[in-house]
Each structure stands twice: as C-alpha cells, then as structure tokens.
Amino acid sequence: MMKVMNDIRTIHNEAMDLALKGDNATREEAQSLYSRAFEKEREAALLADSMQNPEPGRSILFRSAASLAIQCGRLREGEQLIARALSGSPTESAVVELRQMLHDIYEATEKATPNNIIYKLEVPDTDSKDVESYLGKLGLKYSRIPANERFIAQL
C-alpha cells in the first residue's frame, strides 16, 4: 500500500515537473509537455482511484488531470475526468471549481450548458404546491402546465 502511495506521488511529481516546463517553453514545445504531463497525471489519478485513495487526494488528482486535459485541448477527456472527480466526495470548494471547469468545457464546445438543461416533472395534484415552493427556494425558473401538473424547470 505504501509503495503504491509513493508511486502515485512520484507520477504526480513527474506530471507537475512536465507542466512547469510547459509553462516556460515555446508554444510548440509546451503543447507536447502539457500532453505528457496530462498522461502522467491521469495515470496517477487512475492509480489512486483503483487503490480507493481517500478524499480529497483522489478528487484533487482527477481535477488536476482534467485541468491538464483542458490545457491540451482534450476537452472530452477533461469532461470524463471531472465526472470521476465529482463521483467521489470532493471538498465543497473543489466541487465549485470542478463545476466551473465543466461549464467552461461546455462553453468551449458549444454544448448545452447547465443553464439550458430542462427537466420535466410530473407531480400529483396534492404535491404541486410543495414542488412550486422547492423550485422557487432553489432559484429555478419554472413553468406549470396544468393538464397533468407538469413542471418544466430550467437551471
């Protein structure tokens, strides 16, 4: 177990060294260095995940790998790594940062952003006032379709 933790730390440090070199390199060299840093950091994150590394270390490694993926223009891989980070128990500040990264990816790829996600809820008549109250408290915009007490909430 201790050897694996040392391996994770070593791989992570190699990734950070490559990223630092990328920060100080020419544009062409930087892209290659960031890509290599991303591969290393993803390897460290996946190794930590397979060892059921405790939080917040696990999600920090995934966040770092996602950040490097985005820096390399590998947005889909960044999105997947963010999902892995969020699937654990990251700190609240990490959650905020991960969601912002995800939002940035969606904007960059012109996908539906969280502001354009629409949920349709079918609610029994007896619960419709409660649902209205909850949606309002959450700050969600909603519209009510009386036929079957359906709500359409937009985040």
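Which residues in α2 meet which residues in α3? The exercises below work through this contact and others.

The model is predicted, so local features need pLDDT of at least 70 and side-chain atom pairs count only at pLDDT 80 or more, whereas totals for chains, interfaces and linings use all residues. Residues are numbered from 1 along each chain as its sequence is written, and side-chain values use heavy atoms, with hydrogens and water left out.

**Exercise 1. List the contact of α2 with α3 and describe the packing of the two helices.**

Step 1. Contact means heavy atoms within 4.5 Å. Helices are DSSP runs of H or I with at least four residues, strands are runs of E with at least two, and both are numbered from the N terminus.

Step 2. On the α2 side stand Gln 31, Tyr 34, Ala 37, Phe 38, Glu 41, Arg 42, Ala 44, Ala 45, Leu 46, Ala 48 and Asp 49. They meet Arg 58, Leu 61, Phe 62, Ser 64, Ala 65, Leu 68, Ala 69 and Gln 71 in α3.

Step 3. Sort these residues by class: Ala, Val, Leu, Ile, Met, Phe, Trp, Tyr, Cys and Pro count as nonpolar, Asp, Glu, Lys and Arg as charged, and the others, Gly among them, as polar. The contact of α2 with α3 then has 12 nonpolar, three polar and four charged residues.

Step 4. Axes are lines fitted to C-alpha atoms, for helices over the stretch in contact, and angles run from 0 to 180 degrees between N-to-C directions. For α2 and α3 the angle is about 155°, and the axes are 8 Å apart. That makes α2 roughly antiparallel to α3; angles over 145 degrees count as such, under 35 as roughly parallel, 65 to 115 as roughly perpendicular and the rest as oblique.

**Exercise 2. Locate the cis peptide bond from Glu 55 to Pro 56.**

Step 1. The omega of this bond is near 10°. Most peptide bonds are trans.

Step 2. Pro 56 belongs to the loop between α2 and α3.

**Exercise 3. Describe how α4 packs against α3 and against α2.**

Step 1. Helix α3 spans residues 57-71 and helix α4 residues 75-86; they pack at about 165°, with axes 8 Å apart. The two are therefore roughly antiparallel.

Step 2. From α3, the contact uses Arg 58, Ser 59, Phe 62, Arg 63, Ala 65, Ala 66, Ala 69 and Ile 70; from α4, it uses Leu 75, Glu 77, Gly 78, Leu 81, Ile 82, Arg 84 and Ala 85. By class, the contact of α3 with α4 has nine nonpolar, two polar and four charged residues.

Step 3. Helix α2 (residues 27-50) and α4 pack at about 25°, with axes 12 Å apart. These helices are therefore roughly parallel.

Step 4. Phe 38, Arg 42, Leu 46 and Asp 49 of α2 make the contact with Glu 77, Leu 81 and Arg 84 of α4. By class, the contact of α2 with α4 has three nonpolar, no polar and four charged residues.

**Exercise 4. Describe the salt bridge of Glu 79 with Arg 76.**

Step 1. The closest N and O atoms of this pair are 2.8 Å apart.

Step 2. Being three residues apart in helix α4, Glu 79 and Arg 76 are separated by about one helical turn.

Step 3. Glu 79 is buried at 9% relative accessible area, whereas Arg 76 is exposed at 51%.

How values were computed:
A salt bridge is a side-chain nitrogen of Lys or Arg within 4 Å of a carboxyl oxygen of Asp or Glu. Buried means under 20% relative accessible area, exposed over 50%, partly exposed in between (1.4 Å probe, protein chains only).
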